[in-house]
Amino acid sequence: MKRQLPSPITILMFVIVIAAIATWLIPAGKYDTIAYQQDHSFLYHTETKDSTLSFSQKVLDSLGIKIPADKFSNGDIKKAISIPGTYKNSIQNPQGFLQIIQAPIRGIYESIDIVFFILIIGGFMQVFNSTGAMIKGLTALSYRMKGREAWLIILLTFLFSFAGSSYGMAEEALVFYPVLVPLFIAAGYDLIVPVAVIFAGTQLGTLSSFSNPFSTIIASNAAGIKWTDGMIQRIIVFVLTTAVTIIYIVRYAVKIKADPTKSLVYKIDGIIKSPYPSVENNKYEKLGGKDQLLIVLFILSFLIMITGVIFWEWWLLEMTTLFLLASILMAIISRMKEKVFIPTFVTGAQELLNVALIVGIARGVTLILNEGKISDSILYYAANLSSGLPPAIFILTLLFLYIIFTLFISSSSGMAVLTMPIIGSLATLVHVPGREIVNAYLFGMGLMGFLTPTGLILPSLALVGVSLKAWWRFIYPLLIILTIICMISLVIGVYA
């Protein structure tokens, strides 16, 4: 039997234990911090006392903080910022067995707003999927494009990438394999093409998430910046990477259609029969007015969320309320009875419970480090280690660190709350914009997500019967190109 990596929750519990052990080994220490107050002043905090400073750029400059003052007053910087050069040793406060057991529970307490948001999103997605509107819409689109499958590849890859970038589509995409596999096989393509369209499409969304609440919003919040900071850059990366991926998939598909023996599936796995029946003689069900209304409501929910956060200062309470209301409206439109709606909604929430727990447990790691007084120590030693690195070298190093981290933690939300509080603070000290820290996290997770066994690639391949080796042979040239695009984006972003 092949050994499998532990689940993300188990890995995070290991990390909590390691963090607790570190509080016995790493010298305790703290930075002085400065935070903006609503009375238009700065709160200067040390371990022994607090004091108030006037709100001005001159104060920030005198403290060596290279952040414009308006970033504090307009809410872009919400967290307390560590002040360079103020690190001092503290009395050791090692964390023991009781603190280890309590850490994940306290972490969930402290992130309960995010936990509820994730659970409501899960219920919302389940209610929408249960109406059948999404499957009907995609099936209708597929049949209308029959004979023009290359254009179908272009359109669907874009849509899956957009869904991943905008709201974090991932596991939900697995339901599309029974619909698309027969269509692409009938068009003369091999089984790797639907995997590339569905899985690679949604994975691109992880890489260039411009409004994904499970990655971009959570990571930006943990780093103390607005999630809209860097959005234009991420949209540009979204367009470039999606275009490159579409061209890559279409070229492969056209080549296979012309000569099936050039298929990587055929060369590596041999002749594999499609696990789904042919669709050549089937008819699709025309979209009714109710289905069209449900699809419009689905899309409108995310557009309202984005608008609310950008223009109306919405946050988790308002966004959670929006998706709860949208779920109820979907039930009303589809005439879903209360006895069906409630279990359906709860089932959807249950399916994302694992994600919600990961967010809370990962927050427990930060609690252990903070209460053990070594968070700032790690930051201090890391800053000294990287202080001589040019910003471009630093950000590229961070990109590859996130690629390695993703081998062990595939949850974007778990990774965000685990690493951003420390890395986000480090960015200030090495003069790298916080948005680039978030982008390095997104790009690193997005790139490794194409391959990591703890992600969705193995279930996706199992749905079509293709080996990981065949997928690796198909995807690695594309990954090289995507990596280069991400590296260039980060370097430009650091100096922009």
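Guide: Two strands are said to pair if DSSP finds at least two bridges between them, and with that in mind we can go through the sheet step by step, remembering throughout that this is a predicted model. Strand 2, covering residues 33-37, and strand 3, covering residues 41-45, run antiparallel and are joined by five bridges. One place to look at is Tyr36, whose bridge partner in strand 3 is Phe42. These two strands make a hairpin with three residues between them, and in this hairpin His40 takes a positive phi near 65°.

From strand 3 we can move on to strand 4, residues 50-54, which pairs with strand 3 in the antiparallel sense, again over five bridges. Here Tyr44 stands opposite Ser51 of strand 4, and the hairpin that strand 3 and strand 4 form has four residues between the strands.

Taken as a whole, the sheet is open and consists of four strands in the order 4-3-2-5, with antiparallel pairing. Strand 4 and strand 5 (81-82) each have a single partner strand and stand at the edges, so one side of each is left without a neighbour in the sheet. As a general point, strands of a sheet pair through backbone hydrogen bonds, either parallel or antiparallel.

Turning to the helices, we can begin with helix 11, residues 231-258, and helix 20, residues 434-448, whose axes come within 10 Å and cross at roughly 25°. Angles under 35 degrees count as roughly parallel, and helix 11 and helix 20 are therefore roughly parallel to each other. Their crossing is right-handed. On the side of helix 11 the contact is made by Gln233, Arg234 and Val237, while helix 20 brings Arg435, Glu436, Val438, Asn439, Leu442 and Phe443. Sorted by kind, the residues of this contact between helix 11 and helix 20 are four nonpolar, two polar and three charged.

A last stop is Ser327, which has its place in helix 14, residues 316-333. Its relative accessibility is 0%, and because buried means under 20%, Ser327 counts as buried. If its neighbours within four places in sequence are left aside, Ser327 is in contact with Gly123, Phe124, Val127, Phe341 and Phe345.

Conventions. Residues are numbered from 1 along each chain as its sequence is written. This is a predicted model: local features need pLDDT of at least 70, side-chain atom pairs count only at pLDDT 80 or more; totals for chains, interfaces and linings use all residues. Side-chain values use heavy atoms; hydrogens and water are left out. Buried means under 20% relative accessible area, exposed over 50%, partly exposed in between (1.4 Å probe, protein chains only). Contact means heavy atoms within 4.5 Å. Axes are lines fitted to C-alpha atoms, for helices over the stretch in contact, and angles run from 0 to 180 degrees between N-to-C directions. Angles under 35 degrees count as roughly parallel, over 145 as roughly antiparallel, 65 to 115 as roughly perpendicular and the rest as oblique. A crossing is left-handed if the near helix is turned anticlockwise from the far one by less than a right angle, and right-handed if clockwise. Ala, Val, Leu, Ile, Met, Phe, Trp, Tyr, Cys and Pro count as nonpolar, Asp, Glu, Lys and Arg as charged, and the others, Gly among them, as polar.
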